[in-house]
Amino acid sequence: MTAAAPLIQLKNITRRFGNMVAVKNISLDIHAGEFFTLLGPSGCGKTTLLRMIAGFDEPDEGEILLDGKNLVGTPPEQRPIHTVFQSYALFPHLNVAENIAFPLRMAKKDPEFIRDKVKHSLELVHLEDKGNRLPHELSGGQRQRVALARGLINQPRLLLLDEPLGALDAKLRENMQIELIQLQRHSGVTFIFVTHSQSEALALSHRIAVMSDGHVEQLDEPSKIYGFPANRFVADFIGNCNLLECDLTSIDNSNISLTIPNLGTVYAPSRDGLSKGKGWLALRPEQVSIVHADTAIDQANHFLGKVDDFLYIGDVTTYIVILDNGQKIEALLPNSSAGRAHFFEVGDRVQVAWQTNVGYYIPDAKNN
Amino acid sequence: MSKPKDSTRFARWAVSMPPMLFMTLFFALPSLIMAVGSFMIPGDTGGLAPLFPILTPHINPHDGLQESGLTIENYRTFFSDTVYAWIFLKSFFVAGLTTLICLLMAYPLALLIARSPKHKRDLLVLLVILPFASNFLVRVYAWMIILGPFNLLFTNVAVILGMVYVHLPFMILPLYTNLEKHDPILLDAGQDLGATKWQRFWHVTFPLSLPGIYSGSALVFIPVLGMFAIPEILGGKDSMLVGNLIKEAFLATRDWPFGSMVSMMLTLAVLGVAALMSWLSKAGRFQPR
C-alpha cells in the first residue's frame, strides 16, 4: 500500500465555525484497503473531518480528492462513500433485510440481484435468521451489524465509522472489534474510523492520526504511536504513561543521560536529531519494575520510593509509587498466580527500576 | 411483579372514575338508547312511541298500525329505497375527497413547519389553529360572499370547499406532530446511502408519517360524514348528506326512530371503514413505529 496512489487525499483542509477553527490545515493520505483511525478527545475536529469526507459539511479551504478527483461540492448521495452512524440510524419502518437492501434499491438494482446480495450480506454479519425483524426488536450488537452490512452492501470506496462502538457495553465492544477487523479484511473496503478510545484505535487500525485542537499531532502505526509518541500530548493521551520532567545533559551513540531534578541521572535510548535541553522521559508502567527497598538491583535506572496506592485490575496490579523527590510513578506487576492481589502494601519502602534501553525522550517544543 | 398497594389502587380509581362515569352516562348510555330507538316507532307527536309492551304491542284498531314495542320497519325503509344508499355513497365520496384534498394541502405545510427552526414552530402552529378563534358559522357564511360572484354558491364544489376550509387544521396538526418527531439522522443516512431528495421522501419520510396520515384522515373523514351545517349553508338541493338526513329526521319530521336508524347505519359504516383501513395498513406492512 505504499507505492500505489492514495485512495483519498485531504489537502490543506480548514473548517471554521464562527470564530472557532474546528479543523486547521489538515493534510492526509489514506490508501486503498487501509483501516485508518482518527483518534482524539471530543472537540478535536475528528467528526467535522469525517462529515466533510461524507459530504454533509464542506471545507472552507482545501480539497478532498478521491482517486485524484475533487469531491468538494459533490452531495453525499453522489459520493461512493457510506457512513455508519454512532446511533446506527437504521430505518425503523424497514426490517433488517430491507434496511440492508436500501442502498441497492436506491440505485435501482435488479430485485433478483438485491435478494442474492442481501442474503449473502446477512450471512456475513451472522444475521441469517433475523432478516424479518424490525430494528427495535434487535440487540445493540445486532443493530450495529445491520448498520455495517447496510454500509458495505454496495461496495463503497470508503466506509466511515463514527464512534460505532460507543453505545455498546465493554464485553460486546471487544467482540465487535474482532468482527470489524474481519469485515474490513473480508470486504477489502477502506475504513476510516473515528473514536476517542485509544484502546479501540490501537486494536483496530493500520494507521492512526492522533488529533487535538483541529490538527494532527501524530500520524503513524499503532505500535509507533504507543512506543514513540511525537509529543507530550500523544504520550499522555495514548495509554498510561509516566512523564518525568528532565534535562537532556549528554548524548552518545547508544544512550542519552537525563537529569531529573532532585533525583539523579537516568539513561535512555538515544536516537538521531536529539539535542540538549528540557523535555520529558515517557515511561510506560509495564516498563517499570518494582522490588523491595533492600533488594539488590543491577539496573542503572533505580530509585527509592514509597507505595502510595495500588489498583488491582485482575491480570495485573498497578502500583502508584511516590519517589523521594515527590515525583509520582506508576509500575505494573503481572499477577500470574491466582488469588495474588498485590505484593506490596501501602506505605512499603520500595525500589522502582527500569532498563536503560526503555523509555522515550520527548523534547519540549518550546526549549528546542 | 408486585401487587399495587391499596392506596395506589384507590388513587387509580379516584383518577379514572369521573371521566369513566361521565362517558358511561353521556356516551355509552345514549348510544344504547339510540340503538334501541332505531327499532322503535315514532310517537304521535314525534319522538319515540312507548317501548312497552314489547311482546304484545298495541295495534291501532282504526288503521291497523303498531303503536308500541319494537319493529324493523326503519331498516326496511332504508334498504327498500336506493335514495338512502345514494346519500351514503355521496357522503362517503365527499368525505373521501375532502380528506384527500386536505392531505395534499396539509402535508407540505406540516413538513415545512416541522423543518422550521424550533423557535418558529410554535408561532406557525398557532397560525394554523388561529381560524378556530372566530366562529365556525361566521367563517362558513363568509364563503357565501366569496363564492357568490363566481356562481359557485349552492353547488357541490362549494360544499367541498367549505369542508376543506373548516377541516384543514385537523389534518395539519396530527401530521405536524408526527413529522416533528422524525429523527433527522435518518434523512442523513438515506442521503449517505445514495437516496435522492425524492427517494428520501418516498422511502423515509412518507412511510414514517403514515400514522400521522391515518389519524389526520380519521379526524377529517369522520366529522365530514356527519357534517350538516356546511351542505345546508353552501350546498344546493342535491347536496344533502347523511348528516342532513339525520338532522332532518330529528328536527324537521321528528321521526326519532328513523334518525336513530340512520345514525346507527352511519356508525356501522364508519366502523367498517376503520376496520378496512387497519386491515389494509397491516396487510400492506406499512406499520412504521
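Biologist: Which domains does the domain assignment of chain A give?
Modeller: Domain 1 (8–232) and domain 2 (241–363). The bounds come from an automatic or database domain assignment. This is a predicted model: local features need pLDDT of at least 70, side-chain atom pairs count only at pLDDT 80 or more, and totals for chains, interfaces and linings use all residues. Residues are numbered from 1 along each chain as its sequence is written, and chains are lettered from A in the order in which they are written.

Biologist: What separates the centres of the two domains of chain A?
Modeller: 39 Å, taken over C-alpha atoms.

Biologist: And how many residues of domain 1 of chain A are in contact with domain 2?
Modeller: Five, and they meet five residues of domain 2 of chain A. In contact means C-beta atoms, placed from the backbone, within 7 Å.

Biologist: Switching to helices. At what angle do helix 4 and helix 5 of chain A pack?
Modeller: About 15°, with axes 11 Å apart. Axes are lines fitted to C-alpha atoms over the stretch in contact, and angles run from 0 to 180 degrees between N-to-C directions. Helices are DSSP runs (H or I, at least four residues), numbered from the N terminus. Helix 4 and helix 5 of chain A are therefore roughly parallel, a label for angles under 35 degrees.

Biologist: Which residues of helix 4 of chain A meet helix 5?
Modeller: G140(A), G141(A), Q144(A), L148(A) and L152(A). Their partners in helix 5 of chain A include L172(A) and M176(A).

Biologist: How many residues of chain B are in contact with chain A?
Modeller: 16, against 18 residues of chain A. Helix 7 of chain B gives the largest share of the chain B side, six residues.

Note on methods. Helices (H or I, at least four residues) and strands (E, at least two) are DSSP runs, numbered from the N terminus. Angles under 35 degrees count as roughly parallel, over 145 as roughly antiparallel, 65 to 115 as roughly perpendicular and the rest as oblique. Two residues are in contact if their C-beta atoms, placed from the backbone, lie within 7 Å.
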